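Dear colleague,

I am passing on the structure we spoke about, together with notes on what came out of it. Please read the notes with the coordinates open beside you.

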Amino acid sequence: MSTLSVNHLLGIKYLNKNDLNIIFETADHFKGVINRPIKKVPSLRDITIANLFFENSTRTKLSFEIAEKRLSADVLNFSASQSSVKKGETLIDTVNNILSMKVDMIVMRHPNAGAAHFLHQHVNATIINAGDGSHEHPTQALLDSYSIREKLGSVNGKKVVIIGDILHSRVALSNIYALKLLGAKVMVCGPQSLIPKYISDLGVLVENDLIKALNWCDVANMLRVQNERMEISYFPSVREYSQQYGLTKPILDSLNKDIIIMHPGPINRGVEITSEIADSKNAIILDQVENGVAIRMAIIYLLASKIKS
Amino acid sequence: MSKKVLLNNKEVNIILHRLACQLIEIHTDFSNTILVGLQPRGKYLANRLKDLLITDYKIKNVQIGFLDITFYRDDFRRSDKVLKPSSNQMEFIVEGKKVVFIDDVLFTGRSIRAALTAIQSYGRPISIELLILIDRRFSRHLPIQPDYRGRQVDAIEHEKVIVNWKESVGKDEVYLIKQEL
């Protein structure tokens, strides 16, 4: 099989292992394309894609936009803060108005979990979820697993710990699904107040001690504390969080092995990781950003191939 | 379904030598020439010609690349077949170079059109030529003709030309398959 089992990318939950491998193999080719002197291919010249961002984003939005442009698609950018959403328009009305302009594909980020799923049930276009609340962020998980595969040769059997605010993180959930599908061993680590109650049901280990988690893993994926999603206080202070769960050079040096450090961004330097770690040779944060473009090109290309002309 | 052999092992070998000699006639020492095999099937022919040029005709400097044209094709979303890319190995810039595209069968000409667009990603070549083992005339959709051809074949739409190589199936052979209507 060389085609995806789905027509939309709503979450990793709906993909199978074969889908992930197809996406990675296609991304390998696109990584070659974006490193050529001319980084553009004409495949999607008759496809129009709308990027709907109902929540702030820098990296994901730019990454999607450049991926679409590298594939020669026409691109519409929409951000909720400058739109009629502020005047009370519903999501379906907004999207249907955009679709009337003959748009084939929607890339959407939304603060509410399930927004992409809801949209795919009500509108006739290919939907890509670019993050829905604290639910899923499938393209981030794909680029994270792709980066591990690139660095370590394979994801199967590798030990990956996700450290930080697991409770509010869509990156954590999507990563758990993707890593488990690919055969990795997954652990989550953070203060108990930021670990969801039944997370072990997903087949992941739970650890509250940072040093133990780091000594166990091959890869540490550091997450930001999502203050914007917190209505109550989950830990006494940022300083205390940083002392307990912040990754510093002395901690990294004290480990008995070399580990890979990942971060989906944006980084709060000095909170979850220090600048020294973020800029060290162990960190592959900028590789993740480059791989993000190749992965998004692959997903858009594979889903667009299912839109009949 | 019937199968007719168009070229046997010996005939393929003779044609390869002739094509190599024709290339030498135009490109002499190949110092400013790059052979580009079109993926996936042009790779075998390109490699074979490169080996002949080096071993039998003592050409020292044969540069070769393999170009994948999948993302440049004009039938994306137009057929049920999924377009699967092959590996792309172009380790050089073609700016100011003489490029020779190499493929096994020239049919509609659409792959060559895609290759003409794809090669632009690597610079502006001074010239582009086309070398083909089998030229299926009367089936072109575009005004594209080869500069070097192994054998011209009159095949109609429902007939299929199959090129087998030692490297992939154990022997060199070209045959025509006729499907019953």
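To begin with a pair of helices in chain A, the axes of helix H5 (residues 138-152) and helix H11 (residues 285-304) of chain A come within 9 Å and cross at roughly 115 degrees. The crossing in which H5(A) passes H11(A) is right-handed. On the side of H5(A), the contact is made by A:Thr139, A:Leu142, A:Leu143, A:Asp144, A:Tyr146, A:Ser147 and A:Glu150, while H11(A) brings A:Asp287, A:Gln288, A:Asn291, A:Gly292, A:Ile295, A:Arg296 and A:Ile299. Sorted by class, this contact of H5(A) with H11(A) has 5 nonpolar, 5 polar and 4 charged residues. Please keep in mind throughout that this is a predicted model, and that every value in this message is computed from it.

The sheet of chain A

An open sheet in chain A is formed by 5 strands in the order E7-E6-E5-E8-E9, and the pairing is parallel. Strand E7 (205-207) and strand E9 (260-262) of chain A each have a single partner strand and stand at the edges, so one side of each is left without a neighbour in the sheet. From one strand to the next, the twist averages 25 degrees.

Within this sheet, strand E5 (residues 159-163) of chain A is mostly covered, since 4 of its 5 residues are buried. E5(A) is joined by 5 bridges to strand E6 (residues 185-189) of chain A, and the two run parallel; in this pairing, A:Val160 stands opposite A:Val186 of E6(A). Between E5(A) and E6(A) the chain crosses through helix H6 (residues 170-181) of chain A, and this β-α-β crossover is right-handed. H6(A) itself lies across E5, E6 and E8 of chain A, and runs at about 160 degrees to E6(A).

E5(A) also pairs with strand E8 (residues 219-222) of chain A, to which 4 bridges join it in a parallel arrangement, and here the bridge partner of A:Ile162 is A:Asn221 in E8(A). E6(A), for its part, is joined to E7(A) by 3 bridges, again with the strands running parallel, and A:Met187 has A:Leu205 in E7(A) as its bridge partner.

Contact between the chains

How many residues of chain B are in contact with chain A? There are 15 residues of chain B in contact with 16 residues of chain A. On the side of chain B that touches chain A, the residues divide into 7 nonpolar, 5 polar and 3 charged.

Backbone points to check

Two cis peptide bonds deserve a look in your viewer, and I list them with their surroundings. A:Gly265 and A:Pro266 are joined by a cis peptide bond with omega about -5 degrees, and A:Pro266 is found in the loop between E9 and helix H10 (275-278) of chain A. In chain B, a cis peptide bond joins B:Gln39 and B:Pro40, with omega about 0 degrees, and B:Pro40 has its place in the loop between strand E2 (33-38) and helix H2 (42-55) of chain B.

Positive phi values come next. B:Arg77, a residue other than glycine, has a positive phi near 70 degrees and is found in the loop between strand E3 (63-67) and strand E4 (98-106) of chain B. B:Arg77 counts as partly exposed because it has 16 C-beta neighbours inside 10 Å, a count in between the limits of 12 or fewer for exposed and 20 or more for buried. B:Phe138, although not a glycine, has a positive phi of about 70 degrees, and lies in the loop between strand E5 (127-136) and strand E6 (148-153) of chain B. Is B:Phe138 buried or exposed? With 10 other C-beta atoms within 10 Å, B:Phe138 is exposed, because the cut-off for that class is 12 or fewer.

The last item concerns B:Lys178, which is found in strand E8 (residues 173-178) of chain B. The C-alpha atoms of B:Lys178 and B:Met1 are separated by 5.5 Å, although these residues are 177 residues apart along the chain. Not counting residues up to four places away in sequence, B:Lys178 touches B:Met1, B:Ser2 and B:Glu159. B:Lys178 has 14 C-beta neighbours inside 10 Å and therefore counts as partly exposed.

With best regards

Conventions:
Residues numbered from 1 in each chain as written. Chains lettered and ligands numbered in written order. Predicted model: local features only at pLDDT ≥ 70, side-chain atom pairs only at ≥ 80, totals over all residues. Pairing = 2+ DSSP bridges. Right-handed = clockwise from strand over helix to strand, strands pointing away. Contact = placed C-beta atoms within 7 Å. Nonpolar A, V, L, I, M, F, W, Y, C, P; charged D, E, K, R; others polar. Axes fitted to C-alpha atoms, helices over the stretch in contact; angles between N-to-C directions. Left-handed = near helix turned anticlockwise from the far one by under 90°.
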